[in-house]
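I opened the notebook to record what I could look up in this structure, going from the chain as a whole down to single residues. The entries follow the order in which I looked.

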Amino acid sequence: MTFDKLQRPEGTKDYLPQMAAKKRELENKLNQLFMRWGYQEIITPTFEFYDLLSAGTEGLQAKMYKFFNRKGEILALRPEMTAPIARIAATELRGRSLPLRLCYQSNVFRYETPRAGRKREFYQAGIELLGIETPLGDAEVIAVAAESLLASGLNNFKIDIGDVDYFGGIMKAAKMDQRSQAEVRQALSNKNFVKLEELLADSELNSQQQEAILTAQNLRGGLEVIDEAKQLVNNQESLEALINLEEVYHDLELLGVSEYICLDLSVVRSFDYYTGIVFEGYTKDLGYTICGGGRYDKLVEKFDYPIPATGFALGIDRLLLSLDNQGYQFEGSSVDTLLLSSREQKANGFNLAKKLRQAGESVELEIYDRKLEKTIDYAVEKNINRLLIVGVEEESIAKSSTIKEVSGLEVREIKLKEVAENE
Amino acid sequence: MNKLTVALPKGRLFDPAVEILEQAGLINRELDDDSRKLVLSDPKEEVDFILSKAVDVQTYVEHGVADFGIAGKDILLEAGATVCEVVDLGLSKCRLVVAIPEERGITEMGQLPPTGRVATKYPNVAKKFFKEQGIQIEVVKLNGSIELAPLIGLTDMIVDITSTGTTLRENNLVEVAEIAKSSARLIVNRVSYKASHQRIKGVIERVKEVVGSN
């Protein structure tokens with residue numbers, strides 16, 4: 001196979017102007033929303049020490065892009081943002097009044113086989129709330145997640161909330177070893193019921209505990225899920241998880257987003273740093289989840305600063321795809337005006353463009369010296385609103401344009417939308 | 001109500017899979033995997049059927065263009081697809097095994113050489129298994145007649161599926177390890193499972209009943 005340098009590396013993506021405009025529009029909306037909740041933007045290096053990134057993200061080590069610097073230290077491109085933010089919280093922001101409310105918009109990198117919804121470089125927007133261990137902290141983060149999807153213009157989405165300690169409590173009560181617990185968690189997270197039933201049947205769990213896991217993973221809905229799940233367990237940890245979940249749900253009702261929430265105890269997420277509430281958002285218009293997050297109380301502690309934390313990240317590409325699937329109309333980025341001036345009237349033309357730009361209009365200058373119809377073709381293809389002509393007098397112009405005064409200068413105007421429609 | 005889309009595997013698994021789904025009430029029309037049309041619909045029940053190559057079913061389901069699918073566990077293991085595996089249909093039962101020519105006199109994993117060449121249709125499954133065993137291998141990917149490879153000296157051993165063991169015996173191969181048990185599974189897209197939960201749960205329950213009574 002010959003190497004084609006014009007190809008993009010596998011798993012990467014170009015955002016052409018139209019797509020880039022959508023992405024920017026979406027990111028601006030999200031950033032605005034995060035700021036309205038008091039989150040402050042933070043920017044971290046694209047690459048960091050591998051050891052730092054790997055402490056935060058078990059399971060992603062094999063997926064990091066790694067390289068050496070000249071001292072022989074191992075660096076890696078960040079595979080997600082939680083570990084870098086935990087590092088900052090534990091160092092540069094250490095000792096600041098808590099809670100810390102931080103948000104970001106970043107590209108992240110994972111070396112994995114590109115498949116449904118997975119790229120090697122992709123964009124995330126997210127928030128981290130550090131220093132709060134109460135259910136209201138979880139509720140706030142989930143509410144911001146719901147409002148983010150809402151602000152983006154997405155319809156028909158839901159956010160499923162679970163608590164990893166519910167199943168953890170049952171397994172701990174049965175004194176299952178760590179490895180088997182991880183296997184059960186994996187089967188729950190993949191909703192691999194065939195495997196789950198096998199694992200449970202071979203485990204130390206008694207029939208009541210097996211029943212509790214099998215029945216609970218099937219429960220979905222509102223608060224009734226918690227009442228049912230309470231009947232299934234008698235260990236303290238599972239019951240506390242349910243009480244916690246109940247309180248988060250009540251807070252979400254008060255925050256006015258409970259209509260987007262569904263309780264689902266089988267949400268356990270694949271990162272193993274999660275310690276309590278976990279959640280993921282999805283819409284039926286996309287075959288994979290759009291956002292996810294949860295509580296990670298032990299992570300910042302790994303960097304010698306024991307503070308609890310919770311947060312979420314949203315996949316920008318996945319959200320863009322969902323919005324496209326739903327036929328969402330973005331504002332777009334069309335140019336307002338193309339300005340054509342004669343050689344003699346250049347000064348007047350440039351001056352007019354400047355005034356229009358100052359007034360907030362986008363103005364392109366016609367730089368080519370070409371036939372008027374070519375100029376019009378160009379402008380129509382680029383979806384420019386209108387053509388303003390200063391000082392050029394041709395018979396063809398006189399027919400299709402109207403005379404107008406703009407900022408004290410008499411010009412001819414051609415509405416390009418009309419030209420496009422008549423074609 | 002939204003339409004459900006079901007991806008069905010053409011070939012050996014097709015007829016028994018269709019029969020189960022018929023009994024479960026998901027299929028109410030004639031389906032034939034010889035059909036030239038690859039998308040068939042059942043307007044009354046609001047179900048679409050995709051006729052897919054067996055190895056591709058999980059791809060449709062993973063992307064969410066199909067809500068349901070039926071696929072062999074061997075194929076799911078090889079593809080590593082992220083889908084919900086909800087019911088063991090008990091069809092196409094077989095085992096993924098490591099086999100080696102009888103004349104080598106090896107009967108268990110511990111006796112295998114520390115490095116070796118393995119012929120298989122399942123390179124990912126083979127690599128993962130041997131890595132877990134701490135054995136370094138080189139995989140030679142073949143698309144069929146895997147048993148041939150060790151006989152003519154292409155590889156030391158094979159990783160393949162076997163149901164009765166006849167093919168292995170006929171080619172003087174002995175099983176030295178079982179990697180996994182396989183059978184056909186009902187799989188569901190992860191988001192469909194959540195987004196159309198009531199309906200999907202109903203289908204799963206009915207399929208379970210049918211499988212249980214067979």
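The entries below cover chain B and its sheet, then the cysteines, and then several helices, strands and one alanine of chain A.

**Entry 1: chain B in outline**

I note at the start that this is a predicted model. For chain B I found eight helices and 11 strands, and its C-alpha atoms fill a box of roughly 60 × 35 × 30 Å along the principal axes. Of the 214 residues of chain B, 50% count as buried. I also looked at contacts in chain B with a separation of 6 or more, and residues 24 or more positions apart account for 66% of them.

**Entry 2: the sheet of chain B**

In what order do the strands of the six-stranded open sheet of chain B run? I read the order as β2-β3-β1-β4-β11-β5, with mixed pairing. The edge strands are β2 (39-42) and β5 (84-88) of chain B, each of which pairs on one side only. From one strand to the next, the twist averages 30°.

I then took one pair from the sheet, strand β1 (residues 4-9) and strand β3 (residues 47-52) of chain B, which pair in the parallel sense over six bridges. Within this pair, B:L8 has B:L51 of β3(B) as its bridge partner. Helix α8 (residues 197-213) of chain B packs on the sheet, where it touches β1, β3, β4 (68-72), β5 and β11 of chain B, and its direction makes about 30° with that of β5(B). A helix from the other chain also came up in this search: helix α7 (residues 193-201) of chain A lies across β5 and β11 (184-188) of chain B, running at about 70° to β5(B).

**Entry 3: cysteines**

How many disulfides are there over all chains? My search of the whole structure returned zero. For B:C84, which is in no disulfide, the nearest cysteine sulfur is that of A:C262, 14 Å away, whereas a disulfide would need the two sulfur atoms within 2.5 Å.

I described each pair by angle and distance, since two packed helices are described by the angle between their axes and the distance between the axes.

Helix α5 (residues 164-173) and helix α10 (residues 236-254) of chain A pack at an angle of about 170°, with their axes 7 Å apart, and α5(A) and α10(A) are therefore roughly antiparallel to each other. On the α5(A) side the meeting residues are A:D165, A:Y166, A:G169, A:I170 and A:K172, and on the α10(A) side they are A:E237, A:S238, A:A241 and A:L242. Sorted by class, this contact has four nonpolar, two polar and three charged residues.

Helix α1 (residues 17-36) and helix α11 (residues 316-325) of chain A have axes that come within 11 Å and cross at roughly 110°, so α1(A) and α11(A) are roughly perpendicular to each other. I listed A:M19, A:K22, A:K23, A:L26, A:E27 and A:L30 from α1(A), and A:I316, A:L319, A:L320, A:L323 and A:D324 from α11(A), as the residues making the contact. By class, the contact of α1(A) with α11(A) has seven nonpolar, no polar and four charged residues.

**Entry 4: strand β17 of chain A**

Why is strand β17 (residues 409-415) of chain A described as largely enclosed by the rest of the structure? Five of its seven residues are buried, so β17(A) is largely enclosed. Strand β15 (residues 386-390) of chain A runs antiparallel to β17(A) and is joined to it by four bridges, with A:R386 standing opposite A:K415. Strand β16 (residues 402-406) of chain A is also antiparallel to β17(A), with five bridges between them, and A:T402 has A:E413 as its bridge partner in β17(A). β16(A) and β17(A) form a hairpin with two residues between them, and A:S407 in the turn has a positive phi of about 50°.

**Entry 5: A:A313**

Finally I looked up A:A313, which lies in strand β12 (residues 309-315) of chain A and counts as buried at 17% relative accessibility, the cut-off being under 20%. Leaving aside residues up to four places away in sequence, A:A313 touches A:Y104, A:Q124, A:A125, A:G126, A:C291 and A:G292. I also noted that A:A313 and A:A145, 168 residues apart in sequence, are 8.4 Å apart in space, C-alpha to C-alpha.

Technical notes
Residues numbered from 1 in each chain as written. Chains lettered and ligands numbered in written order. Predicted model: local features only at pLDDT ≥ 70, side-chain atom pairs only at ≥ 80, totals over all residues. Heavy atoms only, no water. Axes fitted to C-alpha atoms, helices over the stretch in contact; angles between N-to-C directions. Parallel < 35°, antiparallel > 145°, perpendicular 65-115°, else oblique. Contact = heavy atoms within 4.5 Å. Nonpolar A, V, L, I, M, F, W, Y, C, P; charged D, E, K, R; others polar. Buried < 20%, exposed > 50% of the residue type's maximum accessible area, 1.4 Å probe, protein only. Pairing = 2+ DSSP bridges.
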